[in-house]
Structures are given as structure tokens and as C-alpha cells.
Amino acid sequence: MSKVAIVTGGTRGIGAAISTALKAAGYTVAAVYAGNDEAAKAFTAETGIATYKWSVADYDACAAGVAQVEADLGPVAVLVNNAGITRDAPFHKMTRQQWTEVMDTNLSGLFNMTHPVWPGMRERKFGRVISISSINGQKGQFAQTNYAAAKAGDLGFTKALAQEGARAGVTVNAICPGYINTEMMSTIPEKVMNEVILPQIPVGRLGEAEEIARCVVFLASDDAGFITGSTISANGGQYMV
Ligand code: NDP
């Protein structure tokens with residue numbers, strides 16, 4: 001029987017590429033999304049991947065959602081915490097709501113989603129928790145105190161939990177993408193792209209969502225069993241740690 005993988009934010013952008021790559025690698029995938037029914041419907045029509053709607057910011061909804069996925073598809077072997085949002089503003093203008101929304105989704109979302117799958121992974125002596133952090137959680141970014149703090153928190157979560165999962169065969173890792181060629185990037189003016197963004201990236205181009213997805217497929221595999229608590233920086237050389 002194929003292993004079950006949950007990908008949060010798995011219907012669009014980087015998450016859609018991750019869901020698709022995991023399916024191609026033989027996993028049964030459940031892609032979770034928050035509210036964009038249209039995109040989710042189109043994604044299922046195109047890929048045949050099942051979608052589930054709940055917010056990773058809601059602890060009870062995550063517990064109920066995971067239980068539903070397990071009833072439908074079987075025990076979860078792989079969790080990809082990919083769902084993430086931005087609410088950018090310079091700190092002096094940042095509202096408490098902008099801070100809280102980003103923390104609730106990008107940081108507490110990891111707790112809310114990992115907590116319900118963790119006991120089963122430990123019992124079965126196998127599990128993979130892979131979280132998509134960000135280069136901006138490593139280096140900081142203007143107008144992103146909320147986002148950078150949450151994404152840096154994701155790395156602390158990963159390193160601490162990896163120590164707890166190690167003896168139980170559960171690995172916990174993070175990936176920090178740099179600039180990735182998603183919908184968001186297509187709105188950036190060509191001049192800004194060519195004169196500001198690309199010169200910061202030694203490889204000279206944006207990353208592709210599929211390049212992040214291939215990192216996930218590797219970390220999910222049996223071959224990656226000795227890798228835990230680690231961070232893969234996939235950023236074209238933009239920031240080296
Ligand atoms: P997108 O904005 O393209 O997609 C976000 C996905 O997450 C959607 O499926 C969305 O659902 C879902 N989502 C958002 N909030 C929630 C929530 N509360 N509960 C459940 N699902 C939710 O994101 P990207 O592909 O750009 O980013 C994916 C991840 O990669 C994020 O964590 C981001 O921070 C990180 N990242 C992205 C980079 C980039 O260049 N794009 C660079 C570095 C890191 P719906 O469709 O319903 O809105």
C-alpha cells in the first residue's frame with residue numbers, strides 16, 4: 001500500500017508542485033487548502049489529488065481534518081507543513097492583527113498540524129515531518145518582522161522536535177526556499193526583477209517550485225533516514241549558512 005502524505009497549502013504554488021511530485025513518487029496525497037475553492041477544484045481536476053479544506057491556524061480543525069484524512073486514505077506517514085501567508089508592513093506600521101495572523105498560520109500551524117499526526121508516527125516507528133520555512137527566516141527581511149520571526153521559529157521547532165522523533169524513526173526537517181517563480185513573482189515589474197532581485201542570486205535565476213518539491217521527495221524517502229533536524233537552503237546561493 002502506498003504511504004499517505006498530507007501537504008498543507010498543497011493546491012497552489014510551491015505546495016501544488018510538492019503534492020504533484022509526491023503523487024508521482026507513489027504517495028497517496030491529501031492537499032489541504034484554506035478557502036480558494038476554485039483553485040482546489042481545478043487542482044483536483046488536473047491531478048486527481050484529493051483536497052481538504054481547513055485552516056492550519058485552527059487547532060481543532062486540524063485534529064478533525066487529520067482524522068478525516070486517516071479515515072479516508074489511511075495513516076499519515078508524511079506531513080509537509082507548507083501553508084504560509086504574508087502580511088508585510090514596516091514594524092512601526094504593523095498591526096497586532098498582521099502579527100497574529102502570520103504567527104497563527106506560519107508558526108502555530110506547525111504545532112496544530114504536527115500534534116495530531118505525531119503519536120501515530122511514533123507508534124508506527126516511521127514518519128517524516130517536512131516544513132517549508134524561508135530564506136527570510138534565516139536572514140530577516142525589511143517589513144517582515146512577523147514573517148521572519150515565524151519562519152525562524154519553524155527552524156527552532158524542527159531542531160527541537162527532531163531530537164524527540166529520532167529514536168522513534170520520525171525525522172523532522174525544514175527547507176528554506178529563496179525566490180521561487182510562483183504567481184506572486186509574476187507581479188513584480190521587469191525592471192525590479194532584473195535590477196534588484198536577480199543580481200542578488202548568484203545562480204542568476206529564480207528557483208522553480210519543482211526544485212523545492214524534489215527536496216521534499218528526497219527528505220520523505222527511506223534514503224533520507226539519517227537526515228533529521230536539518231535545514232536545506234534552496235536559494236540559488238543568495239544566502240549561505
Ligand atoms: P501560495 O500563496 O501560492 O499558496 C499558499 C497555499 O497555502 C494555498 O494553497 C493556500 O490555500 C494555503 N493556505 C494559506 N493559509 C492557509 C491556512 N491557514 N490553512 C490552510 N492552508 C492555507 O504560497 P507559496 O507557494 O508562495 O508559498 C508556499 C510556502 O513557501 C509558504 O510557507 C511560503 O512562506 C514559503 N515560501 C515561499 C517563497 C516564494 O518565493 N513563493 C519563498 C520562501 C518561502 P488557498 O488556496 O485556499 O488560499
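Student: Which residues come nearest to the ligand?

Tutor: This is a predicted model, and in it the ligand has 27 residues around it, of which Arg12, Gly35, Asn36, Asn82 and Tyr147 come nearest. By class, that shell is made up of 12 nonpolar, 13 polar and two charged residues.

Student: Which polar atoms of the protein does the ligand face?

Tutor: Here one reads pairs of N or O atoms within 3.5 Å. An oxygen atom of the ligand lies 2.6 Å from a polar backbone atom of Gly35, and an oxygen atom of the ligand is also found 2.7 Å from a polar backbone atom of Asn36. At Ser55 the side chain takes part, with one of its N or O atoms 3.1 Å from a nitrogen atom of the ligand.

Student: How much of the ligand's accessible area does the protein cover?

Tutor: On its own the ligand has 910 Å² of accessible area, and the protein covers 88% of it. The space that the ligand takes is the largest pocket, and the elements giving two or more residues to the shell are α1 (13-24) and α6 (145-165).

Student: What does the chain as a whole look like, in helices and strands?

Tutor: The protein chain has nine helices and seven strands. Its radius of gyration is 17 Å, close to the 18 Å that the globule rule gives for 241 residues, so the chain is as compact as a globular protein of that length. Along the principal axes, its C-alpha trace spans about 50 × 40 × 35 Å.

How values were computed
Residues are numbered from 1 along each chain as its sequence is written. This is a predicted model: local features need pLDDT of at least 70, side-chain atom pairs count only at pLDDT 80 or more; totals for chains, interfaces and linings use all residues. Side-chain values use heavy atoms; hydrogens and water are left out. A residue is near a molecule or strand if one of its heavy atoms lies within 4 Å of it. A polar contact is a pair of N or O atoms within 3.5 Å; within protein, one must be able to donate a hydrogen and the other to accept it, and residues adjacent in sequence count only if both atoms are side-chain atoms. Accessible areas come from the Shrake-Rupley method with a 1.4 Å probe; for residues, only the protein chains shown count as cover. On a 1 Å grid over the protein atoms alone, a cavity is a set of points where a 1.4 Å probe fits but cannot get out, and a pocket is an open set with protein on both sides within 12 Å along at least five of seven lines; lining residues have an atom within 4 Å of a point. A molecule sits in a cavity or pocket if more than half of its atoms lie within 2 Å of its grid points. Helices (H or I, at least four residues) and strands (E, at least two) are DSSP runs, numbered from the N terminus. Ala, Val, Leu, Ile, Met, Phe, Trp, Tyr, Cys and Pro count as nonpolar, Asp, Glu, Lys and Arg as charged, and the others, Gly among them, as polar. The radius of gyration is taken over C-alpha atoms; the globule rule is 2.2 Å times the number of residues to the power 0.38.
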